[in-house]
Amino acid sequence: MRYTSFHDLTEKIKSRSGLSRCAVAGADDIQTINAVVRAKKEHIIEPLLIGNLNAMREILVQKGESLSDYTLLEQTSSENGAQLAVNLVNDGKADCIMKGLIETGHLMHVIMKKENNMRTGRLISAMSVMEAPFYHKLIFMSDAGICMYPDLGQKKEIIRNAVDAMRKMGIDNPKVAVLCAIEYLNPKMPETADAAALKEMNKNGEIGNCIIEGPISYDVAMYKHAAEQKHFHSSVAGDPDLLVWPDITTGNIASKIMDHSAGGKGGGLVIGTKVPIILTSRGDDADGKYRCIVLGAAFHRE
């Protein structure tokens, strides 16, 4: 299955019988609550709101919501709110965690604590998803947020995390483009050697459930005519599902160009943890936060 838009993914989620229970730390924020209320009304999540009780109640009442329809939990500090969210996961009462109006560092510090059992032994990585007018389906990308300069082993785990996440969303055997500046091996460009090694790992079954191509440049990966002009033959060319960035700087800049200058609409998650972490920016509007909620809810199985 492939999704042409966030709308398609949302409709798939709505067709499921179960709701993803989302623990929202720092929910005393109007943009966060706007996104959460929309997702609740569309039967995407069952929210568990953690924050300042008076502030959350005031925002919900202003929106015309009945307080009895929401579970509200008081947080005394950012770290306390994060801990309450983690506790809900470990108690089997939440399927994902969303960051509201709290510092990312406070949330991740609590999640990373060994005693909270949120780590799985896998690398923790960031995965973003973009709906762009220049591409025919949702494009997944990793890692533009956590792993700064991943080595070969980390790139392998980044791919495994993303492929596993995509499979939970119903995307089987995704096509993976390991991006470089060029489409051939150059010993002076170590990212090309990593890309070639990852492709070989895929061929010998060490990385499964996907098709990996690399090294491959962005134009060849995204546009079939570019591949044809450069005589590059691959089923991935012109049709990748996942772009793997060589480093965080490349990924961060490219993602922001797509989002801010090329008409894209994005969302993202932290994966590799026990449950997906919806790590929105405090500057995101309600629509951006809503798209991230959709991605978190897409992990939920009936």
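**View 1. Helices α2 and α11 sit oblique to each other.** The model is a predicted one, where local features need pLDDT of at least 70, side-chain atom pairs count only at pLDDT 80 or more, and totals for chains, interfaces and linings use all residues. Residues are numbered from 1 along each chain as its sequence is written, and side-chain values use heavy atoms, with hydrogens and water left out. Here α2 packs against helix α11 (residues 286–297) at an angle of about 50°, and the two axes are 8 Å apart. That angle makes the pair oblique (under 35 degrees is roughly parallel, over 145 roughly antiparallel, 65 to 115 roughly perpendicular, and the rest oblique). Axes are lines fitted to C-alpha atoms, for helices over the stretch in contact, with angles from 0 to 180 degrees between N-to-C directions. Helices (H or I, at least four residues) and strands (E, at least two) are DSSP runs numbered from the N terminus. The crossing of α2 past α11 is right-handed (near helix turned clockwise from the far one by less than a right angle; anticlockwise is left-handed). On the α2 side, the touching residues are Q31, T32, N34, A35, V36, R38 and A39, and on the α11 side A286, D287, K289, Y290 and I293; contact means heavy atoms within 4.5 Å. Sorted by class, this α2–α11 contact has 6 nonpolar, 3 polar and 3 charged residues (Ala, Val, Leu, Ile, Met, Phe, Trp, Tyr, Cys and Pro are nonpolar, Asp, Glu, Lys and Arg charged, and the others, Gly among them, polar).

**View 2. Helix α2 meets α3 through nonpolar residues.** Helix α2 (residues 30–41) packs on helix α3 (residues 53–62) at about 55°, with axes 10 Å apart. The two helices are therefore oblique, and α2 passes α3 in a right-handed crossing. I30, I33 and V37 come from α2, while M56, I59 and L60 come from α3.

View 3. From α1, look for F6, L9, T10 and I13; from α11, for Y290, R291, V294, L295 and A297. The α1–α11 contact splits into 7 nonpolar, 1 polar and 1 charged residue.

**View 4. Two peptide bonds are cis.** Most residues other than glycine have a negative phi, and most peptide bonds are trans. S142 and D143 are joined by a cis bond with omega of about 0°, and D143 belongs to the loop between β6 (139–142) and α6 (152–168). From G214 to P215 the bond is cis too, with omega near -5°; P215 is part of strand β8 (residues 211–216).

**View 5. Two asparagines have a positive phi.** N117, not a glycine, has phi of about 55° and is in the loop between α5 (104–112) and β5 (125–131). For N209, also no glycine, phi is about 65°. N209 is in the loop between α7 (190–203) and β8.
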